Every structure is written in structure tokens, then in C-alpha cells.
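Please open the structure in a viewer and keep the selection tool at hand.

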Amino acid sequence: MSEKEVITVRNLVKNYGDFEAVKGISFSVYEGEIFGLLGPNGAGKSTTLEIMETLRPKTSGEVIIDGFNLDHEADKIKRIIGVQLQSSGFYPSLNLSELIILFGGLYNEPVNVRELLHLVNLEDKAKNQYKELSGGQKQRFSIATTLVNKPRIIFLDEPTTGLDPHARRNLWDLIRDIRSKGTTVIITTHYMDEAEILCDRVAIVDHGKIIALHSPDQLIDDLVATGFERPKEVKKANLEDVFIHLTGRSLRNE
Ligand code: ADP
Ligand code: MG
């Protein structure tokens with residue numbers, strides 16, 4: 001992870017009518033990190049993400065993405081980011097190869113379809129339609145579509161919500177893989193275990209405000225330093241580990 005700031009958000013505010021969804025948040029994201037926006041439903045995570053993605057107007061504040069100011073360089077920002085669409089964005093009658101080519105066309109970029117599908121482990125589904133995929137495969141495919149323009153930064157809004165443990169771990173591997181190639185990843189989640197494993201730093205958002213921002217390790221150490229102790233001794237495995245052990249993670253990838 002470098003020390004170069006690829007995203008700077010200062011005093012971001014978003015009001016829907018007279019409801020304040022985002023109440024003046026500030027944070028920076030460094031090049032090559034996996035940065036998590038964590039928080040309960042309604043905290044303002046998606047709103048913040050969609051503003052950075054240039055998809056939703058802000059009320060006030062400043063957003064700089066890779067040196068470009070959202071206020072007057074949104075077009076330049078769009079070219080260097082990858083945005084995960086909701087599934088409704090995919091034409092039902094096209095197969096995965098055709099969909100990838102379609103996305104490439106939107107950016108006016110030649111796309112290596114095989115390479116992209118290989119990256120998300122869906123090469124053998126190239127001729128299948130999106131609706132024929134499992135939940136985990138759908139998520140991996142939608143992540144592939146964020147990569148067609150070779151973005152410097154990708155935004156993933158709750159990519160693992162609703163997935164079973166195998167598919168979740170699979171997606172974590174994919175996200176780490178993408179980051180290892182130099183792409184900065186901004187992810188929202190309400191799974192704390194996921195954030196702890198995946199994210200270099202997290203901002204905990206509640207009621208439209210950032211209430212903590214640090215590496216998961218540091219946040220945990222800070223809590224322990226206050227004298228906090230878990231009520232029960234921590235076991236070396238949890239129920240999810242039992243499930244994965246019993247059902248054989250290596251035998252299937254969904
Ligand atoms: P999160 O992604 O953390 O669950 P959101 O950013 O989606 O939170 O929503 C933050 C708050 O803003 C919620 O209270 C939500 O109901 C409200 N909200 C989101 N979108 C709209 C909208 N288009 N109009 C009015 N209120 C909205
Ligand atoms: Mg959301």
C-alpha cells in the first residue's frame with residue numbers, strides 16, 4: 001500500500017429533502033488499499049459510495065478522486081473507476097461473453113473476454129446467460145464487469161450480502177487478487193468478520209457520521225486497551241468453520 005491518496009472526501013453532506021443521510025464525513029483512501037465502509041443498514045454507506053461513483057449529486061463537501069475534482073471533472077473520474085451495477089443492469093438474453101463485450105463498448109475499449117472471465121473463474125460459463133449463474137457466480141461476474149476499463153479504483157457495494165460461506169470466501173480471494181494487481185478497492189459491508197479479514201482500514205459509519213477510522217487491528221487493540229474483555233474465551237474455530245469443514249470447501253466453489 002502506498003502513501004498516495006487516491007480518494008479524498010472532505011465534509012461530505014447529503015440531504016434527501018430535510019433528512020440528513022450523510023452528515024459531513026471526511027476520509028482518505030490510499031492507493032492499493034482495500035478500504036471498508038462499515039455500518040448498519042441506513043448508515044449512509046451506499047449514498048457515500050454513489051456520490052464518489054458520480055451517480056448521485058451531493059449536497060455539499062469536496063470529493064477528489066485520483067486528482068480529479070468531482071464538481072467539474074466527473075467525466076474523467078468515470079473513466080478511471082469501476083462500478084458494480086445491480087443485477088437488473090444485465091440484459092437477460094445475452095451470454096457472459098456478449099455482456100462483457102457490451103460493457104467494453106460503453107468504454108470504447110477492446111476487452112480480452114477470456115482473460116476477464118478467467119480472472120473471476122467463470123471461463124466455463126462464457127456461453128451461459130447471467131440468470132443461469134448461482135449467487136456467488138453472479139457477484140463474481142458483476143465484479144468482472146467493473147474491470148473492463150482497467151480502472152484504478154473499484155467500488156463494491158455489499159458484494160457478499162446473501163452469499164453462503166463458500167461463495168463469500170471465494171469472493172474475498174477474488175477481491176484480494178484484484179488488489180494485488182494494483183487496483184484500489186472500496187467496499188461496503190455490514191459483516192464485521194469480513195471487514196476484519198479483508199480490509200486494510202475501515203471507517204465505521206453510523207447515522208451518517210464516521211465514528212471510527214483505522215485498521216481493524218488498531219481498532220481492536222484500542223478497544224482492548226480500554227480494559228474490554230470478551231465475556232467468553234474465544235474458540236479456535238467458529239460454526240462457519242465447522243460448516244466449511246463438513247461440506248468441503250475445496251470440492252466446490254459455490
Ligand atoms: P446504507 O447503504 O448504509 O444502508 P443508504 O445510503 O442507502 O444507507 O441510506 C442512508 C439513509 O438515507 C437511509 O435512512 C435511507 O432510507 C435514506 N435514503 C437513501 N436513499 C434515499 C432517497 N433516494 N431518498 C430519500 N432517502 C433516501
Ligand atoms: Mg447500502
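Two strands are taken to pair if DSSP finds at least two bridges between them. The model on display is a predicted one.

Begin by selecting residues 5–16 and 19–30, which are strands β1 and β2. These strands run antiparallel and are joined by 9 bridges. Within this pair, select Thr-8: its bridge partner in β2 is Ser-28. Then move to the turn of the hairpin, where 2 residues lie between the strands. Gly-17 takes a positive phi near 60° in this hairpin.

Is Glu-33 buried or exposed? Glu-33 has a relative accessible area of 0%, and because the cut-off for buried is under 20%, Glu-33 counts as buried. Display its side chain together with that of Arg-201: a polar contact of 2.7 Å joins the two.

Strand β9 belongs to an open sheet of 6 strands, in which the order is β6-β7-β8-β3-β9-β10 and the pairing is mixed. At the edges of this sheet are β6 (81–83) and β10 (209–214), each of which pairs on one side only. From one strand to the next, the twist averages 15°.

Note on methods: Residues are numbered from 1 along each chain as its sequence is written. Chains are lettered from A and ligands numbered from 1 in the order in which they are written. This is a predicted model: local features need pLDDT of at least 70, side-chain atom pairs count only at pLDDT 80 or more; totals for chains, interfaces and linings use all residues. Side-chain values use heavy atoms; hydrogens and water are left out. Helices (H or I, at least four residues) and strands (E, at least two) are DSSP runs, numbered from the N terminus. Buried means under 20% relative accessible area, exposed over 50%, partly exposed in between (1.4 Å probe, protein chains only). A polar contact is a pair of N or O atoms within 3.5 Å; within protein, one must be able to donate a hydrogen and the other to accept it, and residues adjacent in sequence count only if both atoms are side-chain atoms. Axes are lines fitted to C-alpha atoms, for helices over the stretch in contact, and angles run from 0 to 180 degrees between N-to-C directions.
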